[in-house]
Amino acid sequence: MGNDGGSIPTRRELVKEAAKDPNNTQVKETQTEKLQYYWSHCSLSQTALTPPIVSDSTGNLYNKDAVLEDLLNTSKDTQDGNVAGNDRTSGTIKSLRDVVEVRFSIDKEEEDGNTKSSEVRMICPVTGKRLGPGVKAVYLVPCGHVFAETAVREMPGEQCLECNEHYSSNNIIPILPVSSTDKDRLRDRLSKLQSEGLTHSLKKAPGSSKKRKQARPNKKAEADADKIDETAGPSLPPKKTGIETSSDAIKNEETAALTARVLVEQADRNKRRKMAPNENLKGLFSSSNGMAAKQSDFMTRGFSIPSGAKR
């Protein structure tokens with residue numbers, strides 16, 4: 001079988017040629033096969049996609065039960081002390097707030113026919129095109145309805161045609177993006193949301209409210225310090241009376257003016273009442289009949305003697 005004198009192999013037959021770089025056609029074919037697989041399979045569990053289907057900030061599609069199972073396993077590993085991060089999703093999914101449930105429109109003709117669940121066609125509700133590797137599809141945050149990108153681009157306003165919920169142009173997420181421009185935009189969007197304390201679903205990130213509560217006392221202390229610096233000086237500001245406090249607490253100007261006037265009158269009456277002589281004490285002392293008291297003796301003092309009586 002060779003080298004026995006019957007045949008002499010040449011160098012071209014023994015040395016294989018170096019692998020050539022794939023051309024554009026081969027790259028597109030490989031990319032289409034990959035997209036076709038991930039349009040029908042979960043990126044996490046590698047099983048067939050079945051509703052409910054969710055997507056993360058990078059546009060990948062997952063089965064919701066697979067995401068829940070992965071989160072439970074991650075939390076269990078954290079409790080056991082094995083903190084290695086969520087490598088299966090590249091750290092993009094840390095809770096259910098990091099995913100949005102995508103709502104596909106199913107072709108009613110095939111849904112009513114005798115087709116298998118794996119062959120269900122997902123279409124755009126506006127254009128009727130079948131969504132997949134050949135059509136660039138996007139979904140809206142936070143509602144999650146899926147459209148073809150051309151339909152979203154031609155929408156008159158930033159309002160979902162399925163549920164009439166408002167959205168912004170930055171919250172249009174491409175499904176399984178390929179171009180580097182879309183990937184960079186999604187990465188910048190996520191970093192901006194994290195700086196604002198939000199997640200991919202536009203909900204508050206866990207722990208963001210606690211950080212804000214801890215920051216509030218510091219701001220209050222700084223405000224109190226500023227007030228102390230402003231009031232510090234050779235002369236202290238006059239203390240507010242009860243009249244000013246009561247009138248300042250009322251927001252209506254007419255009611256506050258009327259209340260201040262009533263309080264001023266009440267304060268004047270109290271002042272006059274304190275300075276006026278007491279009627280009870282005044283009855284104990286008499287200044288008009290002082291001379292008559294001196295002329296009377298101790299026998300007649302305290303009794304009234306008729307003016308015509310003889311002494």
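Modeller: Start with Tyr37. Its relative accessible area is 32%, and it is called partly exposed. Keep in mind that this is a predicted model.

Colleague: Why is Tyr37 called partly exposed?

Modeller: Buried needs under 20%, and exposed needs over 50%. Tyr37 has 32%, so it falls in between.

Colleague: What makes Tyr38 partly exposed?

Modeller: The cut-off for buried is under 20%. Tyr38 has 24% relative accessibility, so it is partly exposed.

Colleague: How many aromatic pairs are there?

Modeller: The count is two. In one of them, Tyr37 and Tyr38 have ring centres 5.3 Å apart and planes at 85 degrees.

Colleague: Why is the pair of Tyr37 and Tyr38 called edge-to-face?

Modeller: Two tests apply. Centres must lie within 6.5 Å, and planes must be over 60 degrees apart. The values are 5.3 Å and 85 degrees, so the pair is edge-to-face.

Colleague: Is Cys42 buried or exposed?

Modeller: Buried. Its relative accessibility is 0%, and buried means under 20%. Cys163 has 33%, so that residue counts as partly exposed.

Colleague: What makes Ser95 buried?

Modeller: Its relative accessible area is 18%, and the cut-off is under 20%, so Ser95 is buried. Ser95 lies in the loop between helix 3 (64–80) and strand 3. Leaving aside residues up to four places away in sequence, Ser95 touches Leu71 and Pro206.

Colleague: Let us turn to the strands. How do you know that both faces of strand 6 are covered?

Modeller: Look at residues 137–140. Ala137 and Tyr139 are on one side, Val138 and Leu140 on the other, and all are buried. In a regular strand the side chains alternate between the two faces of the sheet.

Colleague: Which strands does strand 6 join?

Modeller: Strand 7 (residues 146–148) is one, with three bridges, running antiparallel. There, Phe147 is the bridge partner of Val138. Strand 8 (residues 172–174) is also joined to strand 6 by three bridges, again antiparallel. In strand 8, Ile172 is the bridge partner of Leu140.

Colleague: What lies between strand 6 and strand 7 in their hairpin?

Modeller: Five residues. In this hairpin, Gly144 takes a positive phi near 90 degrees.

Colleague: What is the order of the three strands in the open sheet?

Modeller: The order is 2-1-3, with antiparallel pairing. Strand 2 (61–63) and strand 3 (100–102) are the edge strands, and each pairs on one side only. The twist averages 45 degrees from one strand to the next.

Colleague: What makes strand 1 and strand 2 a pair?

Modeller: A pair needs at least two bridges. Strand 1 (residues 53–55) has three bridges to strand 2, so the two count as paired. Ile53 stands opposite Asn63 in strand 2.

Colleague: How many helices and strands are in the chain?

Modeller: Eleven helices and eight strands. Of the chain's 311 residues, 23% count as buried.

Terms used: Residues numbered from 1 in each chain as written. Predicted model: local features only at pLDDT ≥ 70, side-chain atom pairs only at ≥ 80, totals over all residues. Heavy atoms only, no water. Buried < 20%, exposed > 50% of the residue type's maximum accessible area, 1.4 Å probe, protein only. Helix = DSSP H or I, 4+ residues; strand = E, 2+ residues; numbered from the N terminus. Axes fitted to C-alpha atoms, helices over the stretch in contact; angles between N-to-C directions. Phe/Tyr/Trp six-rings, centres within 6.5 Å; stacked < 30°, edge-to-face > 60°. Contact = heavy atoms within 4.5 Å.
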